[in-house]
Amino acid sequence: MSFKPLVFSGVQPTGNLHLGNYLGAIRKFVALQESHDCIYCVVDMHSLTATLVHEDLPDQTRAIAAAFIAAGIDPKKHIVFNQARVMQHAELTWVFNCVARMGWLNRMTQFKEKAGKDRENASVGLFTYPDLMAADILVYRATHVPVGDDQKQHLELTRDIAQKFNNDFSKRIADLGVGVEMAVGEEKVNGFFPLTEPLIGGVATRVMSLRDGSKKMSKSDPSDLSRINLTDDADMIAKKIKKAKTDPEPLPSEIAGLKDRPEAENLVGIYAALADTTKEKVVAEFAGRQFSAFKPALADLAVDKLAPLASEMRRLMADPAHIDGILKDGGERARVLAEATMKTVRRIVGLLDD
Ligand code: AQP
């Protein structure tokens, strides 16, 4: 027996979804549903680590679910739900808080970036965010997680936590006969949690800010001009691309010519991802042209690809009860799977539950 392939991923309802979330994550979610069983989660409990207008959280949660469905995820074939409906995520986080080491969490670059200089004042939730993320994934014993490049380190931590749990409790896992055989390097070992693989490939694993090619496009960037929101209308998309930072050079004929030109490389990458092609082909097509010619072509392409998504999101958001029904149904199905894992975890670690 080996672990059954299962895809899990989540998106935080911390603000407007942007092109980075779409190209780096959601578009991959849609493709994977053809070949895998998938669980897609609006990670509302994670969003409590951010500064929020809490009255807006229910609608922001619905908006992420609407984006999943508008992009093409089928909530009947797969599971779409919000994290707060399945309390086993929080329960497994506690177990993982007792497995993960302070030193591991201290190394997380996302914590360092988000906590800034005033670390003493950061919430404990922000610090243990990666433990909750590991629990989200491992409570379903998911084998694959599609994410953008920024989440790579958290996925490595998830593997470290799984491996330490499997080692620490190897005797209990063997005695209870709940292990699954898996390869760790050259060795075959028995473990209860899989060593989950990140799925990070593609041309847009890290979409950068339109205002600063050294920063990733982010929901929490104070400048709205830094990102293309999935709900922006055609005029707004064209305006943001027109104002996007570039350099005075024309486009090169080969991608080597994009070296040390982060803003130019970002726009070429966005074009390639939206057109489902490669950066090589994009520079070959626009070689020697100025950004004044490239930007309108990029704006047309972005509007073409994003307008149907935005209009379907608006249609879905007009019926919140329908979205709530999908999240409730998904939550019930997810809870059955998560509780089956937790029943065994409680036995492994020695917690009485009946
Ligand atoms: N710029 C990006 N390029 C490619 N992928 C990205 N993702 C985020 N930004 C980019 C991927 O989108 C998924 C959902 O992200 P999230 O909302 O759960 O958290 P995040 O990575 O913290 O996203 P943001 O937009 O930067 O939000 P804030 O500003 O709230 O922190 C993940 O798979 C992520 O990799």
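Residues are numbered from 1 along each chain as its sequence is written, and side-chain values rest on heavy atoms, with hydrogens and water left out. Because the model is predicted, local features need pLDDT of at least 70 and side-chain atom pairs count only at pLDDT 80 or more, while totals for chains, interfaces and linings use all residues.

Two packed helices are described by the angle between their axes and the distance between the axes. Helices here are DSSP runs (H or I, at least four residues), numbered from the N terminus; their axes are lines fitted to C-alpha atoms over the stretch in contact, with angles from 0 to 180 degrees between N-to-C directions.

Helix α1 (residues 19–32) packs against helix α3 (residues 57–71) at an angle of about 60 degrees, the axes being 9 Å apart. This makes α1 oblique to α3, a class left over once angles under 35 degrees (roughly parallel), over 145 (roughly antiparallel) and 65 to 115 (roughly perpendicular) are set aside. The crossing of α1 and α3 is right-handed, the term for a near helix turned clockwise from the far one by less than a right angle; anticlockwise is left-handed. In contact (heavy atoms within 4.5 Å) are Y22, I26, F29 and V30 of α1 with A67, F68 and A71 of α3. This contact comprises seven nonpolar, no polar and no charged residues; Ala, Val, Leu, Ile, Met, Phe, Trp, Tyr, Cys and Pro count as nonpolar, Asp, Glu, Lys and Arg as charged, and the others, Gly among them, as polar.

Helix α3 also meets helix α14 (residues 320–349), their axes coming within 10 Å and crossing at roughly 80 degrees. The two are therefore roughly perpendicular. T61, R62, A65, A66 and I69 of α3 face P320, I323, D324, I326 and L327 of α14 in this contact, which has seven nonpolar, one polar and two charged residues.

Helix α4 (residues 88–97) is a further partner of α14: the axes come within 10 Å and cross at roughly 25 degrees, so α4 and α14 are roughly parallel. Their crossing is left-handed. Q88, E91, L92 and V95 of α4 meet R335, A338, E339, M342, V345, R346 and V349 of α14, giving six nonpolar, one polar and four charged residues.

Around the ligand stand 22 residues, of which K114, D150, S218, K219 and S220 come nearest; a residue belongs to this group if one of its heavy atoms lies within 4 Å. A polar side-chain atom of K114 lies 2.4 Å from a ligand oxygen atom. The corresponding distance to an oxygen atom of the ligand is 3.0 Å for T14 and 3.3 Å for Q151.

Conventions:
A polar contact is a pair of N or O atoms within 3.5 Å; within protein, one must be able to donate a hydrogen and the other to accept it, and residues adjacent in sequence count only if both atoms are side-chain atoms.
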